[in-house]
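Subject: A structure for you to look at

Hello,

Here is the structure I promised to pass on to you. Please open it and keep it beside this email while you read.

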Amino acid sequence: MRKRLLAGNWKMHKTNAELDDYFQTFVMEAGYQTREVAESVDVVFAVPYTLIEKAVALTARHHIAIAAQNVHQKNAGAFTGEVSIPMLKESRAAAVLVGHSERRQHYGETDAAVAEKTRALLDAGMAPIVCVGETLDEREADQTNAVLRKQMNAVLSVLDAPGDMIVAYEPVWAIGTGLTATPEQAQDAHAQIRGLVGARLGEQAASKIRILYGGSAKPDNIGELLAQPDIDGGLVGGASLDPVGFAAMVRTSARFD
Ligand code: PGA
């Protein structure tokens, strides 16, 4: 049985001054007073680098994990403006988003770089949350399967085992647009991704890996998405900025176990 995982992606939002209020409200609304929530759903917040340490300090006792939104694949070097895996480990980040579509689109992140980052994170004992997904043009041209195959196989070809890798299926046309993939569209993509993992890394790896849906996920639609057999959680952008709404999504996720 795969444990559900709900990840918030704050993107370039919030400052340290906002964290106390946010987490106080979130922890109370999600019901972390009892142990049941943490036992039935894993929660991760992918926050800007400058917020990691304080976010860890405020959440660790509830078993809430903090992630970065990107990382460089090399451990050190002349890479102005970049942040390395050892730096993130020192800040006690537990996971990293890799290959988010905004990084692929706006910063030229390639499949090869995504693969290198994933491999480096797994080697360092951190959990990569690898993001894949097609654009609207690609979906309309019937290229969804081909795009997912290309993006997934680039990563899978450099791995012997999935380790703690998590995959997030995020159709680019659904991110921040208010358009959500239907549960059936999302399920089809998730089943394909699980099949690709199985073909490269074996059935056991495929049955264990968690695949999250992302793209305008919100309190109203998370339940029907999670009801699909291959959807193991969500990667939530806009709706994770509101602690009350995101806590409601956590409670919905916990109820399905
Ligand atoms: P959204 O973003 O929930 O605001 O659509 C999801 C994401 O980009 O991870």
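Below is what I found, taken one place at a time.

Please keep in mind that this is a predicted model.

**The ligand and its surroundings**

Let's start with the ligand. Around the ligand there are 13 residues, and the nearest of them are Lys-11, His-100, Glu-170, Gly-176 and Ser-216. Sorted by type, the shell holds 4 nonpolar, 7 polar and 2 charged residues.

Which atoms lie beside the ligand's oxygen atoms? In His-100, a polar atom of the side chain is 2.7 Å from a ligand oxygen. Ser-216 also has an atom 2.7 Å from an oxygen of the ligand, but here it is a backbone N or O atom. Asn-9 takes part through its side chain, where an N or O atom is 3.3 Å from a ligand oxygen. As for how covered the ligand is, on its own it would expose 280 Å², and the protein buries 96% of that area.

**Two residues with a positive phi**

Stay with Ser-216 for a moment. Its phi is near 55°, which is positive although the residue is not glycine. That is worth a look because most residues other than glycine have a negative phi. You will find Ser-216 in the loop that runs between strand E7 (210–214) and helix H11 (222–226). Is Ser-216 buried or exposed? Its relative accessibility is 17%, so Ser-216 counts as buried, the cut-off being under 20%.

Lys-14 is another non-glycine residue with a positive phi, near 80°. Lys-14 sits in the loop between strand E1 (4–9) and H1. With a relative accessible area of 22%, Lys-14 is partly exposed.

Next, turn to helix H3, which spans residues 52–59. Which residues of this helix are buried? They are Ile-52, Ala-55, Val-56 and Thr-59. These residues are on the same side of H3, because the arc they cover around the axis is only 100°. The spacing makes sense: an α-helix has 3.6 residues a turn, so residues three or four places apart point the same way. On the other side of H3 you will see Glu-53 and Ala-57, which are exposed. And what covers the buried residues of H3? The cover includes helix H1 (19–30), strand E3 (65–68) and helix H4 (85–90).

**Lys-89 in helix H4**

Helix H4 also contains Lys-89. This lysine is partly exposed, with a relative accessible area of 42%. Setting aside neighbours within four places in sequence, Lys-89 is in contact with Ala-124 and Met-126. With Ala-124 there is a polar pair to look for: a polar atom of the Lys-89 side chain is 2.4 Å from the backbone oxygen of Ala-124.

Gln-192 has a relative accessibility of 17%, so it counts as buried. Which residues does Gln-192 contact, leaving aside its neighbours within four places in sequence? They are Asn-145, Leu-148 and Arg-149.

Write back whenever you like, and enjoy exploring!

Best wishes

Notes
Residues are numbered from 1 along each chain as its sequence is written. This is a predicted model: local features need pLDDT of at least 70, side-chain atom pairs count only at pLDDT 80 or more; totals for chains, interfaces and linings use all residues. Side-chain values use heavy atoms; hydrogens and water are left out. Buried means under 20% relative accessible area, exposed over 50%, partly exposed in between (1.4 Å probe, protein chains only). Helices (H or I, at least four residues) and strands (E, at least two) are DSSP runs, numbered from the N terminus. The arc is that of the directions from the helix axis to the C-beta atoms. Contact means heavy atoms within 4.5 Å. A residue is near a molecule or strand if one of its heavy atoms lies within 4 Å of it. A polar contact is a pair of N or O atoms within 3.5 Å; within protein, one must be able to donate a hydrogen and the other to accept it, and residues adjacent in sequence count only if both atoms are side-chain atoms. Accessible areas come from the Shrake-Rupley method with a 1.4 Å probe; for residues, only the protein chains shown count as cover. Ala, Val, Leu, Ile, Met, Phe, Trp, Tyr, Cys and Pro count as nonpolar, Asp, Glu, Lys and Arg as charged, and the others, Gly among them, as polar.
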